[in-house]
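Subject: Structure handover, helix packing

Hello,

Please find the structure below. My notes on it follow.

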Amino acid sequence: SKTAIVIGSGIAGLAASVRLSNLGYRVSVYEANAYPGGKLSEIQLGDYRFDAGPSLFTLPEEVDELFRLSGKKPSDHFQYLKLPVLCHYFWEDGTRLRAFADPEKFAKEVEKKLGEPSQCILDALQHADYMYRHLAPLFMHRSLHRWSTWFNQWALASYLRMGKLGIFGTMDGANRKHFKNPKLVQLFNRYATYNGSDPYQTPATLNIIPHLEYNIGAFFPKKGMHEITLSIYRLAVELGVEFHFNQKVEKILVEKGKAIGVKVGGEEQSADLVVNNMDMVNAYKHLLSDQKQPKYLLKQPKSSSALIFYWGIKKNFPELDLHNILFSDNYKEEFNHIFQLGTIYSDPTVYINITSVYKQDDAPSGSMNWFTMINTPNNKGQDWETLIAEARAYIIQKINRVLGTDLEPLIEVEEILDPRTIESKTSSSQGALYGNSSNNRYAAFLRHANYSSDIDRLYFCGGSVHPGGGIPLSLLSAKIMTDMIKETETRG
Ligand code: FAD
């Protein structure tokens, strides 16, 4: 039978292995780490469990589809619930707001707490829905690198609406047009961070992101985020995919313009096609160093990175939910620090994710597992030891001010993830969370395609290639890629 090698078992590599199995391939996955999932893994610290990377889960049907495709009922294998509250927002002046998933309820809360007419919110969400309907088919579900994408009814309808779809302004500009209250502008600007971008630079088209949360929903897997990885991994094993852990691929073997296999552990393994799920920049640097380099694509700026403190906190804070944001008093300055100055701001926006709110066995009773994160610049060789020590102090001071507590004595266990360790644990270039940033309107077109235009039978998936980072887009990259393989096969 036909054979395929997948390099990396990130979420897209796992999805690719399932999809290729369903196309009749015998699939081998080589993974550098001892575990599957890449960024989507977990850690255990004493009695506390933490999801190590992603915490927000949208578009769960992209996971469900993998089970359906394999002839299985998704809910028998992977269960999740829809969140009634998307996020708790806190400001330094004491303002607190709950972002209800129900748009009407959210609009009322905003009117009550921020004095903005509820109709403004409903209009903004409707606009996000409109943009999503026009942009998603074009940018999320198809290759941008095939002519057929550009000559179809969706594309034509979207060109006619480019101005209205916000190609020409920034996210912040659009939000300031929609809303009067600066806190509300800030709340909606935050969505730029969902793909590691800067709201003061990123195009207003990214205002489709709130649509995912408010109009479709945010979800939580009943067994935690890591269950996304585990359930797809189990499915792949059931389908006969062979996994090789602790096996770092050294080279993609190319002969006469065709990928013919990989070199791993000093040995050559051949296959009919090769799928690369490793970060694209590092794949060219390490696995394809003797091949033609797509220089322009390789030098595109990367998304932001993050600094995370996994803290076991021996106290219950009833005012905190699964997702919590303690906003900076000067958002613009914070992004200036991240994207221009390449350092950490003294009043950072602090995100606290607490899975024990929904999954109680993640922390001992009366305690909580805090995944405490700030956005940071990506790794350019800064003095991280100093920056981390400073940031830790800023974060604790901020939490103390906003929640009126004394946090330090409550921290029972601690582990830290920073841009350097994100880079070393997942081979992510500069420790970027989402591959390239989207800080200009051409970014969508400057991601690597899901195939190689120079090397036959070499394909790409994952957060560093089209359509971009984050769990749903990474999963979609595997789908676009396998659709292409299928199409090539039928064409013969
Ligand atoms: P990756 O997770 O990047 O994994 C690549 C895999 O390839 C790794 O396992 C690596 O070991 C392996 N590999 C690399 N080189 C080799 C080699 N030479 N040989 C063999 N194996 C190799 N997304 C969301 O949707 N929601 C969130 O809330 C969210 N928050 C995030 C928070 C953090 C802290 C981080 C780090 C990311 C977050 N993301 C979030 C982004 C999301 O995690 C990624 O976009 C997604 O997981 C990327 O998947 P991937 O398939 O590209 O693979």
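This is a predicted model: local features need pLDDT of at least 70, side-chain atom pairs count only at pLDDT 80 or more; totals for chains, interfaces and linings use all residues.

Numbering starts from 1 along each chain as its sequence is written, and side-chain values use heavy atoms, with hydrogens and water left out.

Helices here are DSSP runs (H or I, at least four residues), as are strands (E, at least two), numbered from the N terminus. Axes are lines fitted to C-alpha atoms, for helices over the stretch in contact, with angles from 0 to 180 degrees between N-to-C directions.

Helix α1 (residues 11-22) and helix α11 (residues 226-238) cross at roughly 25°, their axes coming within 9 Å. They are therefore roughly parallel (angles under 35 degrees). In contact (heavy atoms within 4.5 Å) are I11, L14, A15, S17 and V18 of α1 with I228, T229, I232, Y233, L235 and A236 of α11.

Helix α4 (residues 103-114) packs on helix α9 (residues 182-189) at about 140°, with the axes 10 Å apart. From α4, F106, V110 and L114 make the contact; α9 supplies K183, L184, L187 and F188.

In helix α14 (residues 331-341), the residues Y331, E334, F335, H337 and I338 are buried (under 20% relative accessible area, 1.4 Å probe, protein chains only; exposed is over 50%). They lie on the same side of α14, because their arc around the axis is only 150° (taken from the directions from the helix axis to the C-beta atoms). K332 and Q340, on the other side of α14, are exposed. The buried residues of α14 pack against α9 and β17 (368-376). After α14 comes G342, with a positive phi near 65°.

Regards

Conventions: Angles under 35 degrees count as roughly parallel, over 145 as roughly antiparallel, 65 to 115 as roughly perpendicular and the rest as oblique.
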